[in-house]
Amino acid sequence: MAFRQALQLAACGLAGGSAAVLLSAVAVGKPRGGGDADVRAPEPPAWTEGAQPGPSLWDSNWDRREPLSLINLRKRNVESGEAELASRLDHYKAKATRHIFLIRHSQYHVDGALEEDCTLTPLGREQAELTGLRLASLGLKFNKIIHSSMTRAVETTDIISKHLPDVSRVSTDLLREGAPIEPDPPVSHWKPEAVYYEDGARIEAAFRNYIHRADTEQEEDSYEIFICHANVIRYIVCRALQFPPEGWLRLSLNNGSITHLVIRPSGRVALRTLGDTGFMPPNMITRS
């Protein structure tokens, strides 16, 4: 029975990549040849080679907003003790959930001589219309739109904003496209180290500035839209989920796609959707 259960776990992907789970279950199983037969553990299967012993630990203070980290314990009043500490911790706890919608700009002319010439194509404008309609159809009370200052992101925002007329918008250079960190496995693009050094610092700054749990003053859940670029979104997703950021280039995003991150008051992060374009007809989906 134990052997069968181990195989079922492995087949369902619940063994976690650890040979120890499978082998320990096999070792306690009854031998076929009788009670006195030696039980020999088989060789670990090939798919366990190089596997880690267990999942990495979640850093609950990833955004540096964990309540305990915001308190100076050296100034703690010894007389009031635990009651005061509990009260101060409660003061620093977030109360609301942030819903972050990361939108990749629509298809654009990639052969422009200048960045200002990289305007949306006719198809790109249609994609933006569909993305705007999709966001409006969700029936959410969006709080704001923050967008990259690059032309293709600005034009995408202009079109989406028509479907969300009451939502304020802010432009920022932090969300401009770039190469966030040298990818693994490596590619031939963006080889100069200076590109990663400059772009990476800016995109990391965008992550730290915009991606975090709600402020303690925020009472209600918020719904925020960020309209920017594929590399920026891919890096943000990896960082928010605490995946190795060097893996950003392994993700692929369609033009006009919607990626939905949820940040709970506890600091837990969930990815609801990644690069959703199911609201577009197949013949309108592009990744340029």
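How many residues does helix H4 have, and how far does it reach from its first C-alpha to its last? Bear in mind throughout that this is a predicted model. Select residues 122-137, and you have helix H4, whose 16 residues reach 23 Å from the first C-alpha to the last, close to the 22 Å expected at 1.5 Å a residue. Within that selection, colour Gly 124, Gln 127, Ala 128, Thr 131, Gly 132 and Leu 135, which are the buried residues of H4. Seen down the axis of H4, these buried residues fall within an arc of 140°, so they line one face of the helix. An α-helix has 3.6 residues a turn, so residues three or four places apart point the same way. On the other side of H4, Pro 122 and Ser 137 are exposed.

Next, move to the loop between helix H2 (19-27) and helix H3 (81-92), where Leu 57 has its place. Leu 57 counts as exposed because its relative accessibility is 80%.

From Leu 57, draw a C-alpha to C-alpha distance to Gln 242: the two are 185 residues apart in sequence and 9.5 Å apart in space. Gln 242 belongs to the loop between helix H7 (230-240) and S5, and its phi is positive, about 60°, although it is not a glycine. With a relative accessibility of 26%, Gln 242 counts as partly exposed.

Continue to strand S5 (residues 258-263), which pairs with strand S6 (residues 269-276) in the antiparallel sense over 5 bridges. Ile 258 has Asp 276 in S6 as its bridge partner. The hairpin has 5 residues between the strands, and there Gly 267 takes a positive phi near 95°.

For a backbone detail, select Asp 184 and Pro 185, which are joined by a cis peptide bond with omega of about 5°; Pro 185 is found in the loop between strand S3 (168-172) and H6.

The last stop is the second largest pocket, with a volume of about 150 Å³. Its lining includes Arg 98, Lys 144, Tyr 210, Asp 215 and Phe 226, and divides into 4 nonpolar, 4 polar and 4 charged residues. Strand S2 (144-148), helix H6 (193-210) and strand S4 (222-228) each supply at least two residues of this lining, and S4 gives the most, with 3 residues.

Technical notes: Residues are numbered from 1 along each chain as its sequence is written. This is a predicted model: local features need pLDDT of at least 70, side-chain atom pairs count only at pLDDT 80 or more; totals for chains, interfaces and linings use all residues. Side-chain values use heavy atoms; hydrogens and water are left out. On a 1 Å grid over the protein atoms alone, a cavity is a set of points where a 1.4 Å probe fits but cannot get out, and a pocket is an open set with protein on both sides within 12 Å along at least five of seven lines; lining residues have an atom within 4 Å of a point. Grid points are joined across faces, edges and corners, and a volume is the space filled by probe spheres set on the points. Helices (H or I, at least four residues) and strands (E, at least two) are DSSP runs, numbered from the N terminus. Ala, Val, Leu, Ile, Met, Phe, Trp, Tyr, Cys and Pro count as nonpolar, Asp, Glu, Lys and Arg as charged, and the others, Gly among them, as polar. Two strands pair if DSSP finds at least two bridges between them. The expected span of a helix is 1.5 Å times one less than its number of residues. Buried means under 20% relative accessible area, exposed over 50%, partly exposed in between (1.4 Å probe, protein chains only). The arc is that of the directions from the helix axis to the C-beta atoms.
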